[in-house]
Amino acid sequence: MAAYGTVKVKVFIHEANPGEEDGAVGTMARDINDYVVSLDSTNNEVLSITHTALRGDRVLTMVVGGT
């Protein structure tokens with residue numbers, strides 16, 4: 001079995017509204033940006049960011065970080 005070290009997974013669910021990473025807290029762009037910036041670049045580089053559409057106008061975003 002492979003040793004994956006430390007893996008962190010964060011899931012966000014937001015309304016699919018346009019936004020900027022320096023916009024209001026609680027918007028998709030800002031929350032995802034803040035989380036990525038908070039990762040330790042030595043031990044938790046971003047491995048993947050994926051999105052999927054949910055019912056209505058919501059979007060699920062999953063950010064996986066680790067070594």
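Is arginine 30 buried, partly exposed or exposed? Arginine 30 counts as partly exposed, because its relative accessible area is 23% (buried means under 20% relative accessible area, exposed over 50%, partly exposed in between, with a 1.4 Å probe and protein chains only).

1. Basis of the note. This is a predicted model, in which local features need pLDDT of at least 70 and side-chain atom pairs count only at pLDDT 80 or more, while totals for chains, interfaces and linings use all residues. Residues are numbered from 1 along each chain as its sequence is written, and side-chain values use heavy atoms, with hydrogens and water left out.

2. Overall layout. The protein has 1 helix and 3 strands, in the order β-α-β-β from the N terminus. Helices (H or I, at least four residues) and strands (E, at least two) are DSSP runs, numbered from the N terminus. The C-alpha trace spans about 40 × 25 × 10 Å along its principal axes. Of the 67 residues, 21% count as buried. Taking contacts between residues at least 6 apart in sequence, 49% join residues at least 24 apart; contact means heavy atoms within 4.5 Å.

3. Nonpolar core. The largest nonpolar core consists of 7 residues: Phe12, Met28, Ile32, Tyr35, Leu39, Val59 and Val63. Helix H1 (28-38) and strand E3 (58-66) are the elements that give two or more residues to this core, and H1 gives the most, with 3 residues. A nonpolar core is a set of buried Ala, Val, Leu, Ile, Met, Phe, Trp, Tyr and Cys residues joined through side-chain atoms within 4.5 Å.

4. Aromatic pair. The structure holds 1 aromatic pair. The ring centres of phenylalanine 12 and tyrosine 35 are 6.0 Å apart and the planes stand at 70°, so the pair is edge-to-face. Phenylalanine 12 belongs to strand E1 (residues 7-15) and tyrosine 35 to helix H1, so the pair ties together parts that are 23 residues apart in sequence. Both phenylalanine 12 and tyrosine 35 are buried. For the terms: rings of Phe, Tyr and Trp (its six-membered ring) pair if their centres lie within 6.5 Å, and planes under 30 degrees apart count as stacked, over 60 as edge-to-face and the rest as tilted.

5. Buried side of H1. Met28, Asp31, Ile32 and Tyr35 are the buried residues of H1. They cover an arc of only 95° around the axis, which puts them on the same side of H1; the arc is that of the directions from the helix axis to the C-beta atoms. What covers these buried residues includes E1, strand E2 (45-53) and E3.

6. Salt bridge. The structure holds 1 salt bridge, defined as a side-chain nitrogen of Lys or Arg within 4 Å of a carboxyl oxygen of Asp or Glu. Arginine 30 forms a salt bridge with aspartate 34, with the closest N and O atoms 3.0 Å apart. Both residues lie in helix H1, 4 residues apart, about one turn of the helix. Aspartate 34 is partly exposed, at 33% relative accessibility.

7. Histidine 14. Histidine 14 is in strand E1 and counts as buried at 8% relative accessibility. Its side chain is joined to that of aspartate 31 by a polar contact of 2.8 Å. A polar contact is a pair of N or O atoms within 3.5 Å; within protein, one must be able to donate a hydrogen and the other to accept it, and residues adjacent in sequence count only if both atoms are side-chain atoms. Leaving aside neighbours within four places in sequence, histidine 14 is in contact with Gly26, Thr27, Met28, Asp31, Asp57, Arg58 and Val59.

8. Threonine 61 lies in strand E3 and is buried, with a relative accessible area of 0%. A polar contact of 2.8 Å joins the side chains of threonine 61 and histidine 51. Methionine 62 is also in strand E3, but counts as partly exposed at 30% relative accessibility.
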